[in-house]
Amino acid sequence: MTSTAGGVERRLGIAALIMTGGVLLSRLTGHLREVLIVALHGAGRTTDVYYAAFTIPDLLNYLLAGGALSIAFLPIFSEYLATGREEEGWRVFSVIATTMTSLLLLLVVAGEVFAPWLAPLVAPGFDAAQTAELVRLTRIVMPAQLAFYFGGLIQATLYARERFLAPALAPLVYNLVTLAGGLLLRHRGVEGFAWGVLVGAFLGPLLVPLLAARGALRYRPAFSLRHPGLVRFVLLSLPLMLGVSLLTVDQWISRWFASSMTATITHLENARRLMQVPTAVFG
């Protein structure tokens, strides 16, 4: 009994160390990204537009619980593994991944099409040129939500099988690629960081866990709105959808009021990111 308990404690300790280290490095590189954006482009209208461009994409993601996706799917998948029904668990994974990602794809397409009408609702204080730039940057980063969502589901399967390295590395890769985009494409202004976000989302949150799970991943496209596993997932996700969406609404309200004052969105965003470094690590 003591030996078994000691083994569990060691595994928990290693898992905690990996995740804490990954989160710490991710937050530090994320903060470095914000410092670099301001260092290269200053704190002004250009950076205000860049940060405002994430409002609609983030809202789409969080509406489907993308911000806490692993938390919602992990207990469902873990239950199938614990009861020896792994094949059935992968079928549920396939249904949820196909159905929910398809829904997100429709929302992304709608966001791309209606971005010119949505942008003034995000930042009414921007002039015509700034609003046009906001639309362009929003359209660049919008598809990244697909990578975050599908990758989040794969990460949940890795957590269930006690594989933590890939989920810990995924946000770090995302931040580093975003930094690289901003540096390599700095002649294009903050647009370089937007392209870095898009590429980084597919290389980090999606590709890293996909490679880690490639030997065990059993995904087969399966669309169903009535599958019991999907219904259970949606019911579990509803509180998370509401909770994490409120965070985005709070950001939207702040940006809405701050858009009439130069550099205010940038300062608020950097202050929030800096605050998240210690809270994310210890939380």
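Trp-256 sits in helix 10. In this predicted model, Trp-256 is partly exposed, because its relative accessible area is 36%. Trp-256 belongs to a nonpolar patch on the surface.

Which helix gives the largest share of the nonpolar patch? Helix 10 does, with five residues. Helix 3 (55–63) also supplies at least two.

## The nonpolar core

The largest nonpolar core has 63 residues. Tyr-50, Phe-73, Ile-96, Leu-134, Leu-137 and Phe-233 have the most contacts inside this core. Helix 5 (residues 86–122) brings the largest share of the core, 12 residues.

Two of these core residues deserve a look. Leu-134 touches Val-49, Ala-52, Ala-53, Ala-119, Val-122, Ala-123 and Phe-126, with residues up to four places away in sequence not counted.

Leu-137 belongs to helix 6 (residues 128–141). Leu-137 has a relative accessible area of 0%, so it is buried. Beyond its neighbours within four places in sequence, Leu-137 is in contact with Val-49, Tyr-50, Ala-53, Val-190, Glu-191 and Ala-194. Take Ala-53: it is 84 residues from Leu-137 along the chain, yet their C-alpha atoms are separated by 5.7 Å.

## Aromatic pairs

The whole structure holds 15 aromatic pairs. One of them joins Phe-93 and Tyr-219. Their ring centres are 6.2 Å apart and their planes stand at 90°, so this pair is edge-to-face. Phe-93 lies in helix 5, while Tyr-219 lies in the loop between helix 9 (191–212) and helix 10 (228–258). The pair therefore ties together parts that are 126 residues apart in sequence.

Are these two partners buried or exposed? Phe-93 is buried, because its relative accessible area is 0%. Tyr-219 counts as partly exposed, because its relative accessibility is 24%.

Tyr-159 and Phe-164 form a tilted pair. Their centres are 5.9 Å apart, with 40° between the planes. Tyr-159 has a relative accessible area of 19%; buried means under 20%, so Tyr-159 is buried.

## A cluster of rings

Which residues do ring pairs link into a cluster? They are Phe-73, Phe-77, Trp-90, Phe-93, Phe-150, Tyr-219 and Phe-233. Phe-73 and Phe-233 are also among the residues with the most contacts inside the largest nonpolar core.

Notes. Residues are numbered from 1 along each chain as its sequence is written. This is a predicted model: local features need pLDDT of at least 70, side-chain atom pairs count only at pLDDT 80 or more; totals for chains, interfaces and linings use all residues. Side-chain values use heavy atoms; hydrogens and water are left out. A nonpolar core is a set of buried Ala, Val, Leu, Ile, Met, Phe, Trp, Tyr and Cys residues joined through side-chain atoms within 4.5 Å. Buried means under 20% relative accessible area, exposed over 50%, partly exposed in between (1.4 Å probe, protein chains only). Helices (H or I, at least four residues) and strands (E, at least two) are DSSP runs, numbered from the N terminus. Contact means heavy atoms within 4.5 Å. Rings of Phe, Tyr and Trp (its six-membered ring) pair if their centres lie within 6.5 Å; planes under 30 degrees apart count as stacked, over 60 as edge-to-face and the rest as tilted. Patches are made of residues with over 30% relative accessible area and no salt bridge: like charges are joined within 9 Å, nonpolar side chains (Val, Leu, Ile, Met, Phe, Trp, Tyr) within 5 Å. Accessible areas come from the Shrake-Rupley method with a 1.4 Å probe; for residues, only the protein chains shown count as cover. A salt bridge is a side-chain nitrogen of Lys or Arg within 4 Å of a carboxyl oxygen of Asp or Glu.
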